[in-house]
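User: I have a structure to go through with you. Can we start by putting it on screen?

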Amino acid sequence: METPLDLLIVGAGPAGIAAGVEARLAGLERIQLLEKGPKPSWSIQKLYAPGKRVDRAYLGLDAPQEGVMDIQDCSKDACIALLDQAIKTHRLPVECDAEVWKLHKGEDGIFTAVDSRDRAWRARTVVLAIGVYGRPNKPGYPIPPTLKTQTHFDLNQIPSGTKVLVIGGGNTALEYADFLHREHDTTLAYRGAEFGKANDTNRGIVARLAAEGSLRVWMEADVESLAEAAEGPKAKVKFKAGAPVEVDQFDHIVYAIGGSTPETFLQAAGAQIHGKVPVVDSAYQSTVRGLYLAGDLIAGGKGSIIKAFNSAHRIVAGGICPGASQQPSGTEGP
Ligand SMILES: Cc1cc2nc3c(=O)[nH]c(=O)nc-3n(C[C@H](O)[C@H](O)[C@H](O)COP(=O)(O)OP(=O)(O)OC[C@H]3O[C@@H](n4cnc5c(N)ncnc54)[C@H](O)[C@@H]3O)c2cc1C
């Protein structure tokens, strides 16, 4: 049987790539990254609007650089280029279109991960860096199956010229509304009275668009139900009492209401979860020895790229390779 990998990293987003970089610099040789998307950084590729501004202090929360990787305010393309360059510089093998659907630790202490092409990858240590966007939060009310092609959790397949409702009040919702209003008749609906979860820049953009009349913004507009409109394919949206409108119809609905920890996946791997939060030590090692959790998985809904980078550093410097000499901080970043 082939020698197990030193380190298997599941997910090639900011956390997974940074874990690979840190591990390489700490001296690990046999590293493999598996990525479910067709390219690395797939969440960013898929979920960030084209031309999006990437804020270092995302959600208004900055964090000092702890490890090798750093990021400054930049564009979506520059952010992807930074991550691609890290893969190249540190010779990180990334296998794309390889979604891991099963992970377990054998009695010999070796992990086996099975991917969507039924390949088994054996490793002594695993970093799970799969983010939370694989499981976007769904609304509490049912979405009729006939509206499947009308409802979205990212910006793909929304034809221009259509009437779109964006639901949510965080940075993602505001950025989606900003992007969509350019080629769509766009409404942003949020159940809250103010965009408390968004940063000042996004709030400013949305306020300006609303004042110009190029974006409808409905506050305290909590959706009660969705139904197929009589003259479908359209969604008939009913709002709860007190909303600016009672009912309206849209060609497409985009939900931007966050993502959640993939509890089932973690539990199947044997990792303990407390409530919705995975149990980890100070180096983000789960209750399964040798299985580390990085990035958004352990960020409690407040993840960012710099925090994902920092989590990878703590995992490698504090858990996988304690005491290994690291490159001085500030070596990689735009
Ligand atoms: C619209 C939007 C805008 C944002 N803007 C900013 C910003 O301006 N600044 C900022 O700092 N942060 C921003 N964020 C947050 C930031 O993108 C995340 O905090 C960061 O990407 C987390 O990195 P991660 O590696 O933990 O997870 P992810 O980036 O989600 O990466 C996880 C990777 O794992 C892959 N994967 C998932 N499941 C599997 C599996 N089973 N097998 C193999 N691979 C798998 C995914 O395809 C993905 O490539 C934004 C998020 C969104 C949604």
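This is a predicted model: local features need pLDDT of at least 70, side-chain atom pairs count only at pLDDT 80 or more; totals for chains, interfaces and linings use all residues.

User: Start with the core. Which residues have the most contacts inside the largest nonpolar core?

Analyst: That core has 63 residues, and L8, V10, A19, V126, V127, L128 and A294 have the most contacts inside it. Its largest share, nine residues, comes from helix α7, residues 305-320.

User: What does L128 touch?

Analyst: Leaving out residues up to four places away in sequence, L128 touches V10, G11, L291, Y292, L293, A294 and L297.

User: And what does the second core include?

Analyst: The second core is separate and has 32 residues, including I167, A173, V217 and F239.

User: Helix packing next. At what angle do α1 and α3 cross?

Analyst: Roughly 30°, with the axes of α1 (residues 14-25) and α3 (residues 76-89) coming within 10 Å. The angle is under 35 degrees, so α1 counts as roughly parallel to α3.

User: Left-handed or right-handed, that crossing of α1 and α3?

Analyst: α1 passes α3 in a left-handed crossing.

User: Which residues meet there, α1 to α3?

Analyst: On the α1 side they are P14, I17 and V21, and on the α3 side L83, A86 and I87. By class, the contact of α1 with α3 has six nonpolar residues, no polar and no charged.

User: Now α1 and α7. How do their axes cross?

Analyst: The α1 and α7 axes come within 8 Å and cross at roughly 35°. This crossing of α1 past α7 is right-handed.

User: What makes the contact?

Analyst: From α1, the contact uses P14, A15, A18, A19, E22 and A23. From α7 it uses I305, A308, F309, S311, A312, H313, I315, V316, A317 and I320. The classes in the contact of α1 with α7 are 13 nonpolar, two polar and one charged.

User: Switching to α4. How many of its 10 residues are buried?

Analyst: Nine of the 10 residues of α4 (residues 171-180) are buried, so this helix is largely enclosed by the rest of the structure. The buried ones are N171, T172, A173, L174, E175, Y176, A177, D178 and L180.

User: What covers them, the buried residues of α4?

Analyst: The cover includes β10 (163-167), β11, α5 and β16 (252-255).

User: Take a residue from α5, say V206. Is V206 buried or exposed?

Analyst: V206 is in α5, residues 200-212. V206 counts as buried because it has 23 C-beta neighbours inside 10 Å, and the cut-off for buried is 20 or more.

User: What does V206 touch?

Analyst: Not counting residues up to four places away in sequence, V206 touches L174, A177, D178, L188, L215 and V217. V206 and D178 are 28 residues apart along the chain, and their C-alpha atoms are separated by 6.9 Å.

User: Where do R91 and Y284 sit?

Analyst: R91 lies in the loop between α3 and β5 (94-95). Y284 is in the loop between β18 (277-278) and β19 (291-293).

User: Buried or exposed, for R91 and Y284?

Analyst: R91 counts as exposed, with 10 C-beta neighbours inside 10 Å. Y284 is buried, with 24 other C-beta atoms within 10 Å.

User: Last one, A57. Where is A57 found?

Analyst: A57 is in the loop between β3 (53-54) and β4 (74-75). With 12 other C-beta atoms within 10 Å, A57 is exposed. From A57 to D77 is 20 residues in sequence and 18 Å in space, C-alpha to C-alpha.

Methods
Residues are numbered from 1 along each chain as its sequence is written. A nonpolar core is a set of buried Ala, Val, Leu, Ile, Met, Phe, Trp, Tyr and Cys residues joined through C-beta atoms within 7 Å. Helices (H or I, at least four residues) and strands (E, at least two) are DSSP runs, numbered from the N terminus. Two residues are in contact if their C-beta atoms, placed from the backbone, lie within 7 Å. Axes are lines fitted to C-alpha atoms, for helices over the stretch in contact, and angles run from 0 to 180 degrees between N-to-C directions. Angles under 35 degrees count as roughly parallel, over 145 as roughly antiparallel, 65 to 115 as roughly perpendicular and the rest as oblique. A crossing is left-handed if the near helix is turned anticlockwise from the far one by less than a right angle, and right-handed if clockwise. Ala, Val, Leu, Ile, Met, Phe, Trp, Tyr, Cys and Pro count as nonpolar, Asp, Glu, Lys and Arg as charged, and the others, Gly among them, as polar.
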